[in-house]
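An overview comes first, followed by points grouped by topic.

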Amino acid sequence: MESCRNVLLEFVYREANSQIQGLGSGIRHKYNIDEVIAYALNRLPPMFASTDVGLQLKRQECMALQSDITKVTRQALLGVRRDPLREPQPLEDIELANAPYALLEAQDNLGWKSLMWCDLPKALEENLESAIAKFNSGNLSPRISKYGALGRSSVNSQMYLGKSTPKYSVAHESKQKEYEIYLLESRYLIHSLERLIIRMAQNRAQSFPKSDLRFIRLEDVLAKTLNRLPPLYATSAKGLAHLRHYAQMNIGSEVAIMVHESMLEVRNASYQKIDPLMFSKIRHEREQSLAKVSKLLLERPVKWQNLREVVSKSLELAKSGKVCWERSPHNALKQ
């Protein structure tokens, strides 16, 4: 979940990357860093947070664990070679689906390095303009669609044909670092209990008075519950199925009780104060950006859940010569 994560992830990632890079070039490529991270996280205490305040507090706790992180990560480099849960069968996209993963997919599709949510409308429009220009360069006669005339000639479209080199987000270094941490959630590993806890919390919510539900945020409930449970990370479909079966057979009833207790605690704490969710600024930026994309594409509301489908569809239409977006005035005049 975008605003609930194990803060240890960023610490273990840095340590795992450092230790792998310190290995010889002949052996370095044999390690899957996500498997190393999952192995280490499963052997360290959970450090989940859901708010900006909680993130800073958990980071301090993680710093105090640095020697343990280093030791466990070193063990992980040995352990992943004999871990029975390691399988080549990858996790399904539906298991990995979250907002950071959607942004990373958009980055790959649009050829934009270090893409941030605020860059998305511009990156998409530039790709669409480039695609239509390439189409027009091979079709001198204009085509008409409900969006108006396309290119009149191939001359002006040449300005887009050279834009194939990757672009970079221009942002302050501190914001770039924040996004690097934000995007760690898009790595190919997941906590096998997260979806179960979310479903349980949603079902339990039906037994609470509606007036109380505005004080109970799912992210807070998830963080509190996961901090009481053993970390169960998986990097493969087989590993995920194994861990979920283990949880169902051994701790299923305990999880249900913990979820209810967490909901009560969150409600009571929220009566006093509700802190901003983790990455609240990035979440706000995402919502604004997706609203601009919806307007650009004259589409139904675009969400991170359907972003891949919307981007792919619009690019295919542009490549086939259809203007499927509301063009900026300066781009329309170039035709």
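## Overview

Buried residues account for 50% of the 335 residues in the chain. The model is predicted. Its chain contains 18 helices and eight strands. The chain exposes about 17300 Å², of which carbon and sulfur atoms supply 52%. Among contacts between residues at least 6 apart in sequence, 82% join residues at least 24 apart.

**Packing of α1 and α5**

- Helix α1 covers residues 8-21 and helix α5 covers residues 66-79; their axes come within 9 Å and cross at roughly 55°.
- Because of this angle, α1 is oblique to α5.
- The crossing of α1 and α5 is right-handed.
- On the α1 side, the contact is made by Leu-8, Phe-11, Val-12, Glu-15, Ala-16, Gln-19 and Ile-20. On the α5 side, Gln-66, Ile-69, Thr-70, Thr-73, Arg-74 and Leu-77 take part.
- By class, the residues of the contact of α1 with α5 comprise seven nonpolar, four polar and two charged.

**Packing of α11 and α13**

- Helix α11 (residues 194-204) packs with helix α13 (residues 218-226) at an angle of about 125°, and their axes are 10 Å apart.
- The two helices, α11 and α13, are therefore oblique to each other.
- The crossing of α11 and α13 is right-handed.
- Helix α11 contributes Glu-194, Ile-197, Ile-198, Ala-201 and Gln-202 to the contact. Helix α13 contributes Leu-218, Val-221, Leu-222, Thr-225 and Leu-226.
- Seven nonpolar residues, two polar residues and one charged residue form the contact of α11 with α13.

**Residues with positive phi**

- Ser-114 is not a glycine, yet it has a positive phi of about 50°.
- The place of Ser-114 is the loop between β3 (112-113) and α8 (120-137). Its relative accessibility is 46%, so Ser-114 counts as partly exposed.
- Phe-279 is likewise not a glycine, and has a positive phi of about 60°.
- The loop between α15 (252-272) and α16 holds Phe-279. With 3% relative accessibility, Phe-279 counts as buried.

- Ser-50 is located in the loop between β2 (48-49) and α4 (52-64).
- Ser-50 counts as buried, because its relative accessibility is 8%.
- The C-alpha atoms of Ser-50 and Phe-279 are 8.9 Å apart in space, while the two residues are 229 apart in sequence.
- Apart from neighbours within four places in sequence, Ser-50 is in contact with Ser-3, Cys-4, Glu-219, Asp-220, Ala-223, Leu-277 and Met-278.

**Val-266 in α15**

- Val-266 belongs to helix α15. It counts as buried, at 3% relative accessibility.
- Although Val-266 and Glu-219 are 47 residues apart in sequence, their C-alpha atoms are 10.0 Å apart in space.
- When residues up to four places away in sequence are not counted, Val-266 touches Phe-215, Ile-216, Arg-217, Asp-220, Val-221 and Lys-224.
- Among these, Asp-220 is also in contact with Ser-50, and Val-221 also takes part in the contact of α11 with α13.

**Leu-296 in α16**

- Leu-296 is part of helix α16, which covers residues 280-296. Leu-296 counts as buried, with 9% relative accessibility.
- Leu-296 and Trp-325 are separated by 29 residues in sequence and by 5.5 Å in space, C-alpha to C-alpha.
- Leaving out residues up to four places away in sequence, Leu-296 touches Pro-121, Leu-124, Glu-125, Trp-325 and Glu-326.

**Ser-314 in α17**

- Ser-314 is situated in helix α17 (residues 307-319). Its relative accessible area is 5%, so Ser-314 is buried.
- Beyond its neighbours within four places in sequence, Ser-314 is in contact with Leu-124, Leu-128, Leu-297 and Cys-324.
- Of these residues, Leu-124 is also one of those that Leu-296 touches.

Key: Residues are numbered from 1 along each chain as its sequence is written. This is a predicted model: local features need pLDDT of at least 70, side-chain atom pairs count only at pLDDT 80 or more; totals for chains, interfaces and linings use all residues. Side-chain values use heavy atoms; hydrogens and water are left out. Helices (H or I, at least four residues) and strands (E, at least two) are DSSP runs, numbered from the N terminus. Buried means under 20% relative accessible area, exposed over 50%, partly exposed in between (1.4 Å probe, protein chains only). Contact means heavy atoms within 4.5 Å. Accessible areas come from the Shrake-Rupley method with a 1.4 Å probe; for residues, only the protein chains shown count as cover. Axes are lines fitted to C-alpha atoms, for helices over the stretch in contact, and angles run from 0 to 180 degrees between N-to-C directions. Angles under 35 degrees count as roughly parallel, over 145 as roughly antiparallel, 65 to 115 as roughly perpendicular and the rest as oblique. A crossing is left-handed if the near helix is turned anticlockwise from the far one by less than a right angle, and right-handed if clockwise. Ala, Val, Leu, Ile, Met, Phe, Trp, Tyr, Cys and Pro count as nonpolar, Asp, Glu, Lys and Arg as charged, and the others, Gly among them, as polar.
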